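Take a moment to look over the whole chain before turning to its parts.

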Amino acid sequence: TAPGQQLRALFYALPPAESSFRTVEEVPDYVEKSIPFFITFIGLEFAVSWIQKRKLPGRINDGISSLSLGILSRLPDVLFRSIELISYIYVWNNYRLFELPWDSPWTWYLTLLGVDFAYYCFHRMSHEVNILWAAHQVHHSSEDYNLFTALRQSVLQKYTSWMFNLPMALFIPPSVFAVHLQFNLLYQFWIHTEVITKLGPLEWILNTPSHHRVHHGRNPYCIDKNYGGTLIIWDRIFGTFEAEDAKVVYGLTHPVNSFDPIMLQLRPLAHIWNTFWATPGFCNKLSVIFKGPGWGPGKPRLGLPEEIPVITGKEVPFNPCVPAYLNCYALVHFAVIVDLYTELLASMTMLSQGTVLLRIGFIILSLASFGLLMENKSKAGILEIIRCLVFIGVYRFGYFRSQFSFLGNAYEV
């Protein structure tokens, strides 16, 4: 059945016979169709965490921040086709050396390995090259570790990751690549959890929650380890594997301390810009961009391990004190934005470009406003009043529409 297929797609368990297609146009949007399972598994994680530890696996402010970053990362896809597919198809059409059969199981399994190895290479470079890290650090900025964290993605990362897949375009059909690109992404959703401990012999081959917890840690033993997407074999081969040991403390070695999705996306770029101009010497300036985020003049490429902050076990996550009603307010209004975003995805082909841009602009404004509210910033209230007035105007004139018509009056109230 279709729901059964979507569930198995999350675990990379759709065999070649069920997931091979002649053309890219025939390939389902597995990611979009998996959204109901994302919600189901998040609910299940909350239930299991409560049963196991009598506490929830995350916080409202961090969860909304993660989901906001997830929505933000998908907004460019509303306007443009995926650069990963566009570039891949271009190379395939103009430079392919030979063509593997799209319906062969061997092609399917080779692409599985190829996409995962390309992901390993890109992922490792994203930690070892400062300009790539500036985009990727968004995913690591949460100090919680749960399924919300899996949805915490960068807007900019996809504009560099596409290059690592291009060698496959010389011989692997785009339709096969498009399937595995999604499967590789979907597989990485369920490993962002603390409720699953160890998976026995599977730990030797697959990337598991235990392995990926290490990757998200800021403990010195966790830094720059376990880059695999679906498979952990690449880390074992290239010496970047580390087993889970001491309790993992999550987040960045130097926390950003913000829930504003715009700030989380742009602050690292601003830091690189300022460091670039403050660093003397042309070669040193280039090193600021292309060496590791811990590099400085006179240091090795990836910085000095002894400069990584020591973990004491007393680290307190960024958690500004805000009234409970404000959290409830942000949660309710965020649910409204999720509804409007989902409706935009469903109807974008029938909308004018101006309406689409207006909706995207309002969604970005809303996500930024929620982030400032949850930080209890002094000017957040003024921005939120402006946002609500804008909403009433665009909703009255029909530029916004809920998926649920009966909620129209409630939204205006």
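The protein is divided into three parts: domain 1 covers residues 3–238, domain 2 covers 262–307 and domain 3 covers 324–405. The model is a predicted one. Taken over C-alpha atoms, the centres of domain 2 and domain 3 lie 36 Å apart.

Next, the secondary structure. The protein contains 18 helices and zero strands. Its radius of gyration is 22 Å, close to the 22 Å that the globule rule gives for 413 residues, so the protein is as compact as a globular protein of that length. Along the principal axes, the C-alpha atoms fill a box of roughly 60 × 50 × 50 Å.

Of the 413 residues, 49% are buried. Contacts can also be sorted by separation along the sequence. Among those between residues at least 6 apart in sequence, 74% join residues at least 24 apart.

One stretch carries a label from a database. An unreviewed UniProt entry annotates residues 326–413 as "domain: Alkylglycerol monooxygenase C-terminal". Over these residues the chain is 75% helix and 0% strand.

Finally, consider helix H6, which runs over residues 105–128.

Methods:
Residues are numbered from 1 along each chain as its sequence is written. This is a predicted model: local features need pLDDT of at least 70, side-chain atom pairs count only at pLDDT 80 or more; totals for chains, interfaces and linings use all residues. Side-chain values use heavy atoms; hydrogens and water are left out. Helices (H or I, at least four residues) and strands (E, at least two) are DSSP runs, numbered from the N terminus. The expected span of a helix is 1.5 Å times one less than its number of residues. UniProt positions are given in the numbering used here, feature names are shortened, and annotations may be inferred rather than shown by experiment. Domain bounds come from an automatic or database domain assignment. The radius of gyration is taken over C-alpha atoms; the globule rule is 2.2 Å times the number of residues to the power 0.38. Buried means under 20% relative accessible area, exposed over 50%, partly exposed in between (1.4 Å probe, protein chains only). Contact means heavy atoms within 4.5 Å.
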